Amino acid sequence: MRINRRTTLAGMAGLSAAPFIRPSSAAAQAYPNKPIKIVVPFAAGSATDLTARGLGAKLQDILKQPVVIDDKPGASGQLGASAVATAPADGYTLLMGTNSTNAANVALFKKLPYDPEKDFAPIARCVTGVNALVVNNDVPAKTVAELIDYAKKNPGKLNYSEASASQRLSAEMFNQMAGVKIERVPYKASPQALGDVVAGQVQVMFPDLPQALTQIEAGKVRGLGTTGPKRTTVAPDLPAIAETVPGYSLVYWLAVFAPAATPKPIQQALYDAIAEALKDPATGKAMTQGRMEISPLGLDAFAAYVKAETEWWTKAIKAAGIEPE
């Protein structure tokens, strides 16, 4: 069975090009007047963390208030997401959410400590990216095709590590579509999961590309491919897995959410500030380190995108044979 990435939303309108103007309502006029916290539901050093830090640095200049990054990793993003879901809806506690926390987790877990649809107000998608297929240097495979052949001839010898929904689904889609069985080893944090691939305790992983490239370029793991529908300009020497496994495609996204009851004028003020930040090339470089795509989408368009993404991830997870935990 092939699982094809949704592309119907690619043409949706991006963030407004208008300069940052605070709405005239009393709520927005008073906002912000104290530090803002962005909760990152994954570990320091992850793509989510780097994106939040790059964005937060620029938002400090625009909003004239400190922006603090608070890493709360664990349970595929559930710990950080639930902390924001129950925070005061005043615009001072935000979530750097992902396709894991705000779309895929509804299909991966039987019960969540938060409701991705009801507990959050989607503010702005910031970036999109792909994962990379990497293996420990002792694995005798230098291409995707060779890895598939090795996995088929050596059942039970390969395990994959994962610490997020996109990493897990990348691996399970690969298992299903390539006709192999690489066993799952779950981790709390992506850096630890990748570190164990470097050490040889686990053989395979699908980490986010920024994290993967650091280890690939250092010669600590071997990169075999990327999960997008075609080669990425960020790492053109890495073939798309789809070149060997037709139809394979998975793209992740990182975005800002607020608690659901956050007043609309404050949501608009945040949207406008993020829109201004994303237009700054220096901010984009700091957020992505040149290894993800700035991909703005905001407010109503982003809300529709999240709804469609939740449907796609739910179908893809079921098609990959992943049972909710």
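Phe-257 is buried, since its relative accessible area is 1%, where buried means under 20%, exposed over 50% and partly exposed in between, with a 1.4 Å probe and protein chains only. Phe-302 also counts as buried, at 0% relative accessibility. The model is a predicted one, in which local features need pLDDT of at least 70 and side-chain atom pairs count only at pLDDT 80 or more, while totals for chains, interfaces and linings use all residues. Residues are numbered from 1 along each chain as its sequence is written, and side-chain values use heavy atoms, with hydrogens and water left out.

**Aromatic pairs**
- Rings of Phe, Tyr and Trp (its six-membered ring) pair if their centres lie within 6.5 Å, and planes under 30 degrees apart count as stacked, over 60 as edge-to-face and the rest as tilted; by this rule there are 10 aromatic pairs.
- The pair of Trp-253 and Tyr-305 is edge-to-face, because the ring centres are 5.8 Å apart and the planes stand at 70°.
- This pair links distant parts of the chain, 52 residues apart, with Trp-253 in strand E10 (residues 252-259) and Tyr-305 in helix H11 (residues 299-319); helices (H or I, at least four residues) and strands (E, at least two) are DSSP runs, numbered from the N terminus.
- Both Trp-253 and Tyr-305 are buried.
- Phe-257 and Phe-302 form a tilted pair, with 5.4 Å centre to centre and 50° between the planes, and this pair links strand E10 to helix H11 across 45 residues.

**Cluster**
- One aromatic cluster is formed by Tyr-114, Phe-120, Trp-253, Phe-257, Phe-302 and Tyr-305.

**Charges over rings**
- The charged end of Arg-125 sits over the ring of Tyr-305, 4.6 Å from its centre, a charge being over a ring if NZ of Lys or CZ of Arg is within 6 Å of the ring centre and within 35 degrees of the ring normal.
- Lys-34 lies over the face of Tyr-92, 4.7 Å from the ring centre.
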